Amino acid sequence: MNDGTVTRDVEHWDAFWRAHDKAVSKEDAGARDPAPAYFWQAFFEREFSNRPAASLLDVACGHGAVTGIAVAAAQGAGTDLEARCADYSQAAVDELCKRFPGVEGIACDAADMPWADGRFDYVVSQFGIEYAGEAAFAEAARLVADGGTLAALTHLEGGAIHAECADNFAVAQVLREAQLMPLARRAFEAGFDLIAGKITDADFQAADKQLAPAVEAAKNVLREKGPEAAGGLLANLYKDIGYMYTRMQNYVPEEVLAWFDSMTAELDSYEGRMASMTRCAMDEARVAAIGDTLAGMGLSVEPPQVLPLAESAEPAAWILVARRSA
């Protein structure tokens, strides 16, 4: 992965976390299915049992799904938990620390983290560390204390989440190639100009005619994929554009055009996120190579397992666990 790709991925995810509470799309099946949460609940309940204190680092923490489960499990077990988090996105770290005031976080590259060797009893990650490449696994292993554990759920190539992300990416590509957003914006501009008496009806009809193929492309995707296409993003855009288009006289032009700019950026960011999620999914060979790296750093690597989705039982993620002897 080149530096330009990494930079774009970071920008796409940072935009997502900055607007997470306002997100109009669901990112993937892993964000909705309870299987990952079930895994972490069982993991931490087992690990914290009869453990008076522990330190934990959540790598590529996102909004803190794993951190939240760890904090709750520690409270239930009576474990004094020192929790830290790291993510390339400052927005993600800031949001997590707001949600969990006792947790400290830092924005950094998962392949180059600032803590000392053996700093944490537990280094964990869910659908995140793999974005930073194989070097991030070695960096995580470096931070595992004697008697500590590295545990991660990672994207599985060919699994249900990977397939859904690839499908969402393809939908976003169709919309970009059809130029739905720029052509719709242009048609709205023409409509507002018509209302203001700046252009003729023929001028507006020309812009409307240019938009028609893009609208048809969106309709075809919705017919083929259903309303959940691209995590519901397309259905929301189609509905909102259609509603405003027939009621242009009721809207302030500047506000509508600003909405188009915002949603165009969201669609571009969504396409980038789906591309990165698809790209980072790991096959057996890559998992084996990571296992070899961890073993070479003195960790005992458990045989990798596949986590199925709770709702469909489809394979969804790799379960990677490695432990350092006391």
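Student: What does Gln-126 touch, leaving out residues up to four places away in sequence?

Tutor: Gln-126 touches Pro-36, Trp-40, Ala-60, Ala-65, Val-66 and Leu-153. Keep in mind that this is a predicted model.

Student: What makes these touches count as contacts?

Tutor: Contact means heavy atoms within 4.5 Å.

Student: Where is Gln-126 found?

Tutor: Gln-126 sits in strand E4, residues 120-126.

Student: Why is Gln-126 called buried?

Tutor: Its relative accessible area is 18%. Buried means under 20%. Therefore Gln-126 is buried.

Student: What makes the pairing of the Gln-126 and Trp-40 side chains a polar contact?

Tutor: The distance is 2.8 Å. The cut-off for a pair of N or O atoms is within 3.5 Å, and one must be able to donate a hydrogen and the other to accept it. The side chains of Gln-126 and Trp-40 make such a polar contact.

Student: Why is Ala-230 called buried?

Tutor: Ala-230 has a relative accessible area of 2%. The limit is under 20%, so Ala-230 is buried. Ala-230 lies in the loop between helix H9 (201-225) and helix H10 (233-245).

Student: Which phi does Gln-179 have?

Tutor: Gln-179 has a positive phi of about 60 degrees, and it is not a glycine either. Its place is the loop between H7 and helix H8 (180-195).

Student: Why is Gln-179 called partly exposed?

Tutor: Its relative accessible area is 40%. Buried needs under 20% and exposed needs over 50%. The value falls in between, so Gln-179 is partly exposed.

Student: How do helix H7 and helix H11 pack?

Tutor: H7 (residues 160-178) and H11 (residues 253-280) pack at an angle of about 145 degrees. Their axes are 8 Å apart. The crossing is left-handed.

Student: Which residues make the contact of H7 with H11?

Tutor: From H7, they include His-162, Phe-169 and Arg-176. From H11, they include Tyr-270, Glu-271 and Met-274.

Student: How do the residues of that contact divide?

Tutor: Ten are nonpolar, four polar and two charged. Phe and Met count as nonpolar, Glu and Arg as charged.

Student: How many helices and strands are there in the protein?

Tutor: The protein has twelve helices and eight strands. Buried residues make up 48% of its 326 residues.

Technical notes
Residues are numbered from 1 along each chain as its sequence is written. This is a predicted model: local features need pLDDT of at least 70, side-chain atom pairs count only at pLDDT 80 or more; totals for chains, interfaces and linings use all residues. Side-chain values use heavy atoms; hydrogens and water are left out. Axes are lines fitted to C-alpha atoms, for helices over the stretch in contact, and angles run from 0 to 180 degrees between N-to-C directions. Helices (H or I, at least four residues) and strands (E, at least two) are DSSP runs, numbered from the N terminus. A crossing is left-handed if the near helix is turned anticlockwise from the far one by less than a right angle, and right-handed if clockwise. Buried means under 20% relative accessible area, exposed over 50%, partly exposed in between (1.4 Å probe, protein chains only).
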